[in-house]
Each structure stands twice: as C-alpha cells, then as structure tokens.
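Please look at the sequence and the 3D structure shown here, and keep both in view while you read the briefing that follows.

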Amino acid sequence: QVQLVESGGGLVQAGGSLRLSCAVSGFTISNYHMGWFRQAPGKEREFVAGVERSGYYTDYADSVNGRFTISRDNAKNTVYLQMNSLKPEDTAVYYCNAVVWTGPISEKSYWGQGTQVTVSS
C-alpha cells in the first residue's frame, strides 16, 4: 500500500541544519510532483518547497528561499529537504506530499504522517 514516511526531524539550535527524507513505497515517484509542507501549533499548514517530476524545476516559500533546498532521487524513490540556517520560526511538523494529475481538473494526492522539527533559540 501507499506510504510516505518522513524522517530526519529533531531538535536543533538556531543556525543549525537538518536534512529531512521522505521515503515512498507503493508507487513510483517519477510521475509525481513532490513537495514539503509544514504546520506549526495554532497555524495553518503552509507550503514550504516543491519539485516537479524530473527534479529540474523547484519552488520555495519566501520564508525559506535561500535556506532550504528540495531535491529528489527518483531511483531511490525518495525526496529530501535540506534545511540550513534554521530559525525558531521554522519549528513545525513537516509533511511530505505527492501529487499527480489524473485528468484536466482532477488529481491524486498522498501525504505522510509528518516529522517534528524544533529549532531552539
């Protein structure tokens, strides 16, 4: 069955780095756009970073642009989020997302369970 399993979260001091991984099973990610979202307590889930199927095009939220890097290894069926220069406001649960269009106005989407990232000041 389909599973997206995030790992790599933890506690880090401001200015530090973490590398999140999203290991996918049940489907091949090469046909999916992949992304990372995050949700802090009391806040809405927000987009962090996305990468299209080939890995060539990427997109980032303004709040993380220049600090975070999304990448994908289709051969390993895994997506990564390298997070550098972490700030306390980056503290959130980070979720992996996979999307594929199945028609002109329809899509199939999968979500992981999330991994906690806590940045102390």
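## Arg67 and its surroundings

The side chain of Arg67 reaches out to the backbone oxygen of Ser63, at a distance of 2.8 Å. This is a polar contact, that is, a pair of N or O atoms within 3.5 Å, where within protein one atom must be able to donate a hydrogen and the other to accept it, and where residues adjacent in sequence count only if both atoms are side-chain atoms. The model is a predicted one, in which local features need pLDDT of at least 70 and side-chain atom pairs count only at pLDDT 80 or more, while totals for chains, interfaces and linings use all residues. Residues are numbered from 1 along each chain as its sequence is written, and side-chain values use heavy atoms, with hydrogens and water left out.

**More about Arg67**

- Arg67 sits in the loop between β6 (58–60) and β7, where the strand names follow DSSP runs numbered from the N terminus (helices are H or I with at least four residues, strands are E with at least two).
- Arg67 counts as buried because its relative accessibility is 12%, and the classes are set as follows: buried means under 20% relative accessible area, exposed means over 50%, and partly exposed lies in between (1.4 Å probe, protein chains only).
- The side chain of Arg67 also makes a polar contact of 2.8 Å with the side chain of Asp90.
- When neighbours within four places in sequence are left aside, Arg67 is in contact (heavy atoms within 4.5 Å) with Gln82, Met83, Asn84, Ser85, Leu86, Lys87 and Asp90.

**Loop residues**

- Lys87, one of the residues in contact with Arg67, is found in the loop between β8 and β9, and it is partly exposed because its relative accessible area is 35%.
- Not counting residues up to four places away in sequence, Lys87 touches Arg67 and Val119.
- Lys87 and Phe68 are 19 residues apart in sequence, and their C-alpha atoms are 11 Å apart in space.
- Ser85 lies in the loop between β8 and β9 and has a positive phi, near 50°, in a residue other than glycine; with a relative accessible area of 41%, Ser85 is partly exposed.
- Asn77, in the loop between β7 and β8, has a positive phi near 55°, and it too is a residue other than glycine; at 13% relative accessibility, Asn77 counts as buried.

**The sheet that contains β7**

- An open sheet is formed by 4 strands in the order β1-β3-β8-β7, with antiparallel pairing, and two strands are said to pair if DSSP finds at least two bridges between them.
- The edge strands of this sheet are β1 (3–7) and β7 (68–73), each of which pairs on one side only.
- Strand β1 pairs with strand β3 (residues 18–25) in the antiparallel sense over 5 bridges, and the bridge partner of Glu6 in β3 is Cys22.

**The disulfide**

- The model has 1 disulfide, a term that stands for a pair of cysteine sulfur atoms within 2.5 Å.
- The disulfide joins Cys22 to Cys96, with an S to S distance of 2.1 Å, and it links distant parts of the chain, since Cys22 is in strand β3 and Cys96 in strand β9 (residues 92–101), 74 residues apart.
- The torsion about the S-S bond of Cys22 and Cys96 is about -85°, so the disulfide is left-handed.
- Cys22 is buried, with a relative accessible area of 0%, and Cys96 is likewise buried, with a relative accessible area of 0%.

**Strand β4 and its partners**

- Strand β4 (residues 33–39) is mostly covered, with 5 of its 7 residues buried.
- Strands β4 and β9 run antiparallel and are joined by 7 bridges, and the bridge partner of His33 in β9 is Val99.
- Strand β4 also pairs with strand β5 (residues 46–51), in the antiparallel sense and over 5 bridges, and Met34 stands opposite Val51 in β5.
- The hairpin of β4 and β5 has 6 residues between the strands, and Gly42 in this hairpin takes a positive phi near 80°.

**The nonpolar core**

- A nonpolar core is a set of buried Ala, Val, Leu, Ile, Met, Phe, Trp, Tyr and Cys residues joined through side-chain atoms within 4.5 Å.
- The largest nonpolar core has 31 residues, of which Met34, Trp36, Leu81, Met83 and Tyr94 touch the most other members.
- Two or more residues of this core come from each of β3, β4, β5, β7, β8 (78–83), β9 and β11 (115–120), and β9 gives the most, with 5 residues.
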